[in-house]
Amino acid sequence: MGRGTVTRANLENLVRWESDWANLRVVVAGLGLSGFSAADTLIELGAKVLVIDGADTEVNRSRADTLKIVGATDVLLGAGHTDALPLIDGELPQLVIASPGWNPRQPMLAAAAEAGIEIWGDVELAWRVREKEGRKLAEWVVITGTNGKTTTVGMTESILKAAGLRAIAAGNVGTPILDAIRDPEGFDVIAVELSSFQLHFTHSISPLASVVLNIAEDHVDWHGGFENYKADKAKIYERTRVAAIYNADEPVVEAMVENADVVEGCRAIGFTTGVPSLSMVGVVENLLVDRAFIEDRRNSAAELIALDEIGEVVPRHTAANAAAAAALARAYGVEPAAVAAGLANFDSGDHRIQAVARRDDVLWINDSKATNPHAAGASLGAFSSVVWIAGGLSKGVEYDELVSAHAKRLKAVVVIGTDTARLLQALERHAPKVPVIMAAVRETGVQGGAGSNGAATGWAVMAQAVKAAADIAEAGDTVLMAPAAASMDQFSSYAQRGNAFIDAVRALMGDDPR
């Protein structure tokens, strides 16, 4: 073990705000929202905090100035600072906080692991400091999955608020978890969205309820394989106290619950888009019903909400997300009326099965949030005749299963993005008769971003893709932009990609999409 480290047993004593954090030497890796929040929290706790980030940008320099003013030991910006483990006051750090997305094989994190230094994420830190004298102690309900996390955490927040609770969605979406924890008023419940990256660096959280919505191949490059990805997702169930909620339609997820080391007395609760069995939430004749959290669950079910009250278009995966959110809220003790009110009032926002326009009986749908094949498959399955706009940064996934499952509903495919080889191969193998139009794709391997040539090209390519789709689509068709890939090859984010699609559709229709 390297000089200056502390034992894991010592760190285990850091379990509340008032624990002895003073002078603890901590490196915070990353200066994004979560990294900034972690550094700010640790400085307030009295730790010696050194922050590193490979990007020497104007935003990071501004954040660095702020952290130095409030007491950071130092902030080191630039690629060279992320290659080795830095010293603090001439000694090795005692703890490293890794921002989401920092790969455990990254040189600095690998060096920390080699030195025996424990690595936490901001979620682990938040769990350790959630208890503070004079502040309300919030329960946590936690959500992960390959797809649907943000929708489900938003639905859960909406339900909890409809029940009159002070609640917030935090974590991988919206508010950083440490900002929620430090709110002076406190919360009754925090609905925490957790990515596989965040879960990798969590070690002790013990939520009231937890759920894995689904599992499919994603981020295999980051995790070093699908099995590792699944293992990190499954960590969400560990130490769950009241309800470990699982997708009953996915045996892989059910197996995660069966193998989880939960707190004694915790119940396994399934959710399904079919008729629910005992101890499940599911759908009966277009009604979402509860057979898990009622006294006479063997012989009856509690009606929660009619699916058509949730939204105009409620595809299968949206119904599944609603069932999961309802189960989380019911595990806390929310009444059925509040579940109905929360789901009816929920607004899923932009870029998620978003109806952009309808003209000449052609529906235009923006699902830019569909950044992997599993999410795109859920969108494709909601429509019968589709002109599909797809492609982007594939992240090492395969498309054979997706194309094979939905080939019969594809009228044509318009391909965007710079990383298209695997998608094109899958289309050739499983949908050889479906026309494929290339929207000025450049197989350069160069990733663009905001303000880069790649992003600028992305807007132009999207306009071309929309024009090509319009030339093919006929009455009864849906033009669906569900890329099944990440956006960072030609756009700064999935939101920018979705906005490019919306702008291109509106421009094509002369700003009158009726």
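Reader: What volume does the largest cavity have?
Author: This is a predicted model, in which local features need pLDDT of at least 70 and side-chain atom pairs count only at pLDDT 80 or more, while totals for chains, interfaces and linings use all residues. Residues are numbered from 1 along each chain as its sequence is written, and side-chain values use heavy atoms, with hydrogens and water left out. A cavity is a set of points, on a 1 Å grid over the protein atoms alone, where a 1.4 Å probe fits but cannot get out, and its volume is the space filled by probe spheres set on the points, which are joined across faces, edges and corners. The structure holds two cavities of 30 Å³ or more, and the largest cavity has a volume of about 60 Å³.

Reader: Which residues line the largest cavity?
Author: Lining residues have an atom within 4 Å of a point. For the largest cavity, they are Arg-130, Arg-135, Lys-136, Ala-138, Trp-140, Ala-180, Ile-181, Gly-186, Phe-187 and Ile-190.

Reader: How many of the eight residues of helix H14 are buried?
Author: Helix H14 covers residues 373–380; helices (H or I, at least four residues) and strands (E, at least two) are DSSP runs, numbered from the N terminus. Buried means under 20% relative accessible area, exposed over 50%, and partly exposed in between (1.4 Å probe, protein chains only). The buried residues of H14 are Pro-373, Ala-375, Ala-376, Gly-377, Ser-379 and Leu-380. Helix H14 is largely enclosed by the rest of the structure because its buried residues number six of the eight.

Reader: Is Ser-279 buried or exposed?
Author: Most residues other than glycine have a negative phi. Ser-279, in the loop between E11 and strand E12 (280–284), has a positive phi of about 65° although it is not a glycine. With a relative accessible area of 17%, Ser-279 is buried.

Reader: What relative accessible area does Asn-286 have?
Author: Asn-286 is found in the loop between E12 and E13, and its phi, near 70°, is a positive value in a residue other than glycine. Asn-286 is partly exposed, with a relative accessible area of 38%.

Key:
On a 1 Å grid over the protein atoms alone, a cavity is a set of points where a 1.4 Å probe fits but cannot get out, and a pocket is an open set with protein on both sides within 12 Å along at least five of seven lines; lining residues have an atom within 4 Å of a point.
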